[in-house]
Amino acid sequence: MLGQLFQCTKRANRRAVIPIFLRRNHGQASPSSSQLSGRTASFGFRTVPEESKESLVKGVFDNVASKYDLMNDASSLGVHRLWKDTFVSALRPGRKGPIRCIDVAGGTGDIALRILDHAREEYADRETTVEIVDINAQMLDEGFKRFKKTMCRSYEANAQELPPSEFKDDTYDLYTIAFGIRNCTSIPAVLKEAYRVLKPGGTFTCLEFSKVNNPLLSTLYDQYSFSVIPLLGTILAGDRDSYQYLVESIRKFPSQPEFAGMIRDAGFATGQDQDGGAWTDLWGGIACIHRGVKV
């Protein structure tokens with residue numbers, strides 16, 4: 001699954017970029033396994049064969065890679081930037097010294113750069129590292145424009161099957177995934193891999209669109225989502241279908257208590273099933289931060 005690795009090093013007042021390209025054949029699912037199993041997955045409101053979802057999602061992000069921020073701006077009225085700041089600030093990377101982080105579905109580098117900036121600016125920590133993982137090469141290409149001068153490495157890999165040779169057991173202190181897990185075919189498989197690669201005591205944390213509990217806010221948000229966002233996709237990016245998928249995928253994602261249960265099923269310890277416990281709602285649940293600790 002490993003397709004591309006960029007290694008960036010920083011020396012004194014000069015920065016040198018050393019790109020290293022490693023490629024493997026991503027391959028297709030064996031007809032004797034998933035294709036004959038009859039298993040299905042949701043692609044927005046559509047039900048598709050499980051083995052088809054990955055390529056369909058890849059098509060969406062191939063289309064929006066150069067306009068990824070625009071996509072999130074459209075779906076959140078630009079507030080996703082504040083949510084990401086809150087997400088990283090709450091983690092306080094660098095507070096207890098340098099840590100090793102993995103940011104999954106992090107192709108554009110938004111979270112990784114925030115982690116490094118926070119550690120450096122708040123705690124004078126220049127040794128914390130982040131390894132960025134994304135299944136989509138075009139997203140990584142966009143991100144490389146941003147993080148090529150930092151202490152980052154990026155990998156093209158599937159969050160459900162991180163190559164053990166590159167992502168060893170009990171390796172990372174922190175696992176982050178922001179606005180990405182809902183696009184994965186098997187959320188339990190992603191959580192299982194997160195548990196595997198984290199050290200005992202390591203933290204899994206996820207920022208994702210979620211369920212709005214206030215009826216009035218929910219109604220207004222639905223009207224905006226289904227009426228305005230696809231239209232903005234057409235006007236701003238010439239791509240209604242990708243933005244329609246975005247809206248639908250948010251509605252198909254598990255509720256806060258359901259997702260918290262999935263995190264516990266993977267082996268993590270969480271807080272109580274309430275806002276401020278296992279999760280923290282942002283803007284009434286439009287987005288949500290989940291956290292679990294490997295025990």
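**Entry 1**

I noted the cut-off: a salt bridge is a side-chain nitrogen of Lys or Arg within 4 Å of a carboxyl oxygen of Asp or Glu. Side chains of opposite charge can pair when their charged atoms come close.

Where do the two residues sit? Asp-117 and Arg-120 are three residues apart in helix 5 (residues 110-123), so about one helical turn separates them. Helices (H or I, at least four residues) and strands (E, at least two) are DSSP runs, numbered from the N terminus.

I then checked exposure. Buried means under 20% relative accessible area, exposed over 50%, and partly exposed in between (1.4 Å probe, protein chains only). Asp-117 is partly exposed at 30%. Arg-120 is partly exposed at 28%.

Arg-120 also meets Glu-121 in a salt bridge, 3.4 Å from N to O. Glu-121 counts as exposed, at 57%.

How many salt bridges does the structure hold? I found 14. One of them joins Arg-39 and Glu-50, with the closest N and O atoms 2.9 Å apart. This pair links distant parts of the chain, 11 residues apart. Arg-39 lies in the loop between helix 1 (34-37) and strand 3 (40-43), while Glu-50 is in helix 2 (residues 50-64). Arg-39 is partly exposed at 42%. Glu-50 is partly exposed at 21%.

I also noted a network of salt bridges that links Arg-100, Glu-131 and Arg-153.

**Entry 2: the second largest pocket**

Next I looked at the second largest pocket, which holds about 370 Å³ of space. Of its 15 lining residues, the closest to the centre are Leu-91, Arg-92, Arg-95, Lys-96 and Thr-203.

I wrote down the terms. On a 1 Å grid over the protein atoms alone, a pocket is an open set of points with protein on both sides within 12 Å along at least five of seven lines; lining residues have an atom within 4 Å of a point. The volume is the space filled by probe spheres set on the points, which are joined across faces, edges and corners.

Which element gives the most to the lining? Strand 9 does, with three residues. Helix 4 (80-91), strand 8 (172-178) and strand 9 (198-209) each supply at least two.

The lining divides into five nonpolar, five polar and five charged residues. Ala, Val, Leu, Ile, Met, Phe, Trp, Tyr, Cys and Pro count as nonpolar, Asp, Glu, Lys and Arg as charged, and the others, Gly among them, as polar.

**Entry 3: ground rules**

Residues are numbered from 1 along each chain as its sequence is written, and side-chain values use heavy atoms, with hydrogens and water left out. In this predicted model, local features need pLDDT of at least 70 and side-chain atom pairs count only at pLDDT 80 or more, while totals for chains, interfaces and linings use all residues.

How values were computed:
On a 1 Å grid over the protein atoms alone, a cavity is a set of points where a 1.4 Å probe fits but cannot get out, and a pocket is an open set with protein on both sides within 12 Å along at least five of seven lines; lining residues have an atom within 4 Å of a point.
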